Structures are given as structure tokens and as C-alpha cells.
Amino acid sequence: MKRISRREAMKIVALAGGSILLPVGLQYRGYAQIANGTVAPFTLPFRTPTVLNPVRKDSTTDYYQIRMQKAQVQILPGRTTEVWAYNGIFPGPIIKQRANRKSIVRFINNLDENTSVHLHGMASLPQYDGYALDFIPPGYYKDYVYPNSFAANLWYHDHGLAQTAQNVYMGLAGMYIVQDDEELALPLPKDNYDIPVMIQDRQFASDNSLIFDNQGQTSVMGDTILVNGVAWPRMEVANRKYRFRVLNASSSRAYRLALSTGDALTVIGTDAGLMSAPVNTQDLRLVSGERYDIIIDFSRYPVGTQVELQNLPLPNNTSFANTDKIMRFDVVRSQTDNSVVPSTLRNVEFIPESAAVRTRDFLFELRNQMWMINGNGWDANRIDANPQPGDVEIWTFRNESSGAFHPVHLHLIKSQILDRNGQAPFPYERGNKDVFYLGENETIRLIGRFTPSGKFMYHCHNMVHEDRDMMSQFEIGQNGINPMSALARPLPPPPL
Ligand code: C2O
Ligand code: CU
Ligand code: CU
């Protein structure tokens, strides 16, 4: 791997705990010679990541173990690619869990890097939330406890301070799906027709090694689109409905998904679970960290039809020859379809504006060549907001720039967009979410209930911005559990 700012990242880690205000050179570095075209889109077969089995189960809990390690994996034809991977597979294994069963996941660090594991979208206790300074150093392990209190499409990924972009880019990400009885009782497509879709972009050198270039701390924009670790895959489908749990796990790139046929995508779920009712949309924007649960009905097409999942243009995303393509569905067989998309999916509670006890404002901007929130960078000793447990608040995010978009992410809570630039949000955004597309010159307002107590991070999910330095924290109530109160321990671990 080609490292761009390793020395600077180390400096940031050394300074962790204080405010870090280092100048950022924002010049465009250009791209190294790339082995573009070594794989033609829609030639490699689609696959889904392995599902991880628990090591052990008891009446309340499933126990899992994941080793973070270097591995050589076949991504492009020819030479293998070194990744830093959960259990050595890229992307990491999928964990599937039932709501309200507990998971204890032991992460063992066999890498040479500091890591921290965050289960994005889970309402974890502070000490199990992957706090950016709560490192699992090399040769250490940590057991994370997850309550799985609601059904949603989540993902786990690295969150090490000032190293998140690089660690996730090198492979440290996987999906985590929680389902409950209510969802399983719906007649939606299931099993082989319920498909995880994790989208990431990468750049490869001519020897197939990964190139990590954050273009002077702005963004990482790969020229190769991977779905579940496969470049532009081709998926054979039957002419029936499929459910796709789509996650944008890219470092920086946003996507605008659409079908080449111009037909609608049916959105049934947002980041934090099913919507109240399905929403049809021609296209769908998706920033880093966002998830949408989508139904595509291939019964509209005769056997033999090829349907591309495309990526329409969006500002501030670098385009390359094939970044307008994601994957292709080839309708190869006919099949009867008993699945139905019900007109009512779930009773989602929309919090009325009148329930809010206060409003807070957050300005996301480039200031003094640093990515900042209200003029501040990361400071482990600073708390930006202190709601009391149970308070409903409206948070306003402002982006006055046309030069960048920001995926704003709040840990712990799910919230709902009230409006964007004073207008209603996109119909497909009207559900519980934890990442919000704060586009160029946009102001969005969201409403959420802050509970339970504890100190949690919020940040831009462009991981390059997050690392330098668009990340901060809020604390609910007082005297919550210290996020640093369950530190990693040295190997070897006791039996799980
Ligand atoms: Cu997916 Cu704090 O991040
Ligand atoms: Cu998160
Ligand atoms: Cu940002």
C-alpha cells in the first residue's frame, strides 16, 4: 500500500487528547498511473460475503470472534491484493442477529496498526462504541457487547483516531444485519432473494496493490467500483422481486443509484430500519455510511434482459471511465414470486417539532485548511452539546460551500430529517436515519431523542474529513460511563 500521510497521522495520534490543528495542504495531487481497464465491468460473478457463525451460544447471547489480520485476496485478475481484513476476508464477514438477543464480539488485533471497532447504527454503551481513542493496539483484543435493540442494516468498521480512512480503505469493514419478528413476518423477498450490497471504490496500482491517496486530505476517490469486494459484478437473477440491503461503505464517494431501464427503485428501509411505507424513486443519493433497503422487481423484464445499476453524476465526486456503473443484473430465468411489498411496513414514530426542547446549530466548513465543525477540530476534552436524557432536540447542519458535501453522522441515536433548505426531504429519506447527506450549500434540520446517558461522537463520514478533523462529541446527561472504561487487553485471551 502507498501511504500518503502516515507521519502526519502518527503526529495526530501522539497529540490525541488535545486539539489538533495542523495545516492541511489542499492541492490536488493527481493520480498515479493506474491499472485501469484490467477488468471489464460486468464480467466477474456477483457474490455475497460469508455469514459468520457464533463460536458459542447461550440462552441470551451469541459469542463471535473476529481476527484483524493482513491477507492476500483476489480482487482483480492476476496478482493478489494485500488487505487488512476481518478474519482475512474482504469485505469482512456478515453478522446476522435477531433483535434483542445479545452479541459479544471478540476482536483480536493481529495487524501492525491501532484499531478501534465501531458498530455503526447500534445503540451501544459508550465503552463498546468504538470510541476513536479506545484503541485495540497490535497484540491486544477487546470483547464488544451489542444489545441489538432494534432491526436495521448496520455495519462494523474501524474508527481509530486519524486512521479511520486508511484502515477502512485497507479492508476493515463488514455488514451486520439485525432482524426482528415483525420484519420476518412480512411477505418481503427472503433468503436467496434478500441480498447484501456493500459498495466501495478503490484505486489499484499496476501490481494490483491498493493505492490510498487522500488528495491532500480532501477525499479518496477510486476508479474501480467494488460490490461486496468484486469489481462491477454481474448477478444472474430470476424475473421476480429481490431485496437489496445497500450500504455505501466508501471512504468519500457518494453515489446516485438508478436503473438503466429508467424504472423505479422501491425503497423500504433507511439507515435505522424499515420505513412506514414503501417509496418509489427514479434515483437515490447515498453518502458514505448511509444504508437503503431496496426492492427491485425484475418481473418487469423478459428473460434475457440486462439491467444495469448505474451511478448518476453528483458534484464533488471525481469521475473515471467506469465510475458511472455499479453492477449489472442479467435476468436469466423465470420463477414464480410469492413475495409482496406490503403498503404498510412498520409503524415509524415521527417526532413532532413541537416536542423539541432546544435547537443547536452546526456549521461544517473548511477553515484554515482544516475540516471543522463550528470552527473546532477534534478535542477529547471538549463536549459540544449536553442534552439531558430523553430530551428531544432539533439540530441544524449548515454547509455554505459548493466545494464539498458532508455525510453527517450521529452515533447512538436515530433521528429524522425535518427539512433541507426549508423544503421537505426526499420521500425516500423519511425514516429513521443516522447519516445525513449535507450537500453543497445545503442546510438540513433533523430531530431526535437523546437517550440514554453517555458520551458519543458525531462527525463527517467522509473518512478523510473525519480524520482531519471534522469530528467531535456530545454527552447526554452527566456522569455517564466513560468510553475508556473497558480497555483492550493483551493477547492471549481467555476462552470466549
Ligand atoms: Cu460509521 Cu462514527 O461511524
Ligand atoms: Cu456510527
Ligand atoms: Cu465532510
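A: Before we start, one term is needed: buried area is the accessible area that two parts lose on being put together, summed over both. Please also keep in mind that this is a predicted model.

Q: Into which domains is the protein chain divided?

A: The domain assignment gives domain 1 (6–185), domain 2 (191–333) and domain 3 (353–476). For domain 2 and domain 3, the centres, taken over C-alpha atoms, are separated by 25 Å.

Q: How is the area buried between domain 2 and domain 3 to be read?

A: One looks at the total and at the atoms that give it. Here about 2300 Å² is buried between domain 2 and domain 3, and carbon and sulfur atoms give 53% of that area. On the domain 2 side, Gln-217, Arg-285 and Asn-316 supply 27% of the area buried against domain 3, which is more than any other three residues supply. In terms of contacts, 31 residues of domain 2 meet 28 residues of domain 3.

Q: How many salt bridges and polar contacts are counted between domain 2 and domain 3?

A: A salt bridge pairs a side-chain nitrogen of Lys or Arg with a carboxyl oxygen of Asp or Glu within 4 Å. Between domain 2 and domain 3 the count is four salt bridges, and there are 17 residue pairs in polar contact. The strands β16 (265–270), β17 (273–281), β18 (283–286) and β19 (291–297) each supply at least two residues of the side of domain 2 that touches domain 3, and the largest share, four residues, comes from β18.

Q: Are His-406 and Cys-460 buried or exposed?

A: Buried means under 20% relative accessible area. His-406 counts as buried because its relative accessibility is 1%, and Cys-460 counts as buried because its value is 0%.

Q: What are the protein donors of the copper ion (ligand 2)?

A: They are His-118 (NE2) and His-409 (NE2), lying 1.9 Å from the copper ion (ligand 2). His-118 lies in strand β6 (residues 117–120) and His-409 in strand β25, so the pair ties together parts that are 291 residues apart in sequence. Both His-118 and His-409 are buried.

How values were computed:
Residues numbered from 1 in each chain as written. Chains lettered and ligands numbered in written order. Predicted model: local features only at pLDDT ≥ 70, side-chain atom pairs only at ≥ 80, totals over all residues. Heavy atoms only, no water. Buried < 20%, exposed > 50% of the residue type's maximum accessible area, 1.4 Å probe, protein only. Domains from an automatic or database assignment. Contact = heavy atoms within 4.5 Å. Buried area = accessible area lost by both parts, 1.4 Å probe. Polar contact = N/O pair within 3.5 Å; in protein donor to acceptor, adjacent residues only side chain to side chain. Donors = N, O, S within 2.8 Å, 3.2 Å for Na, K, Ca; no water.
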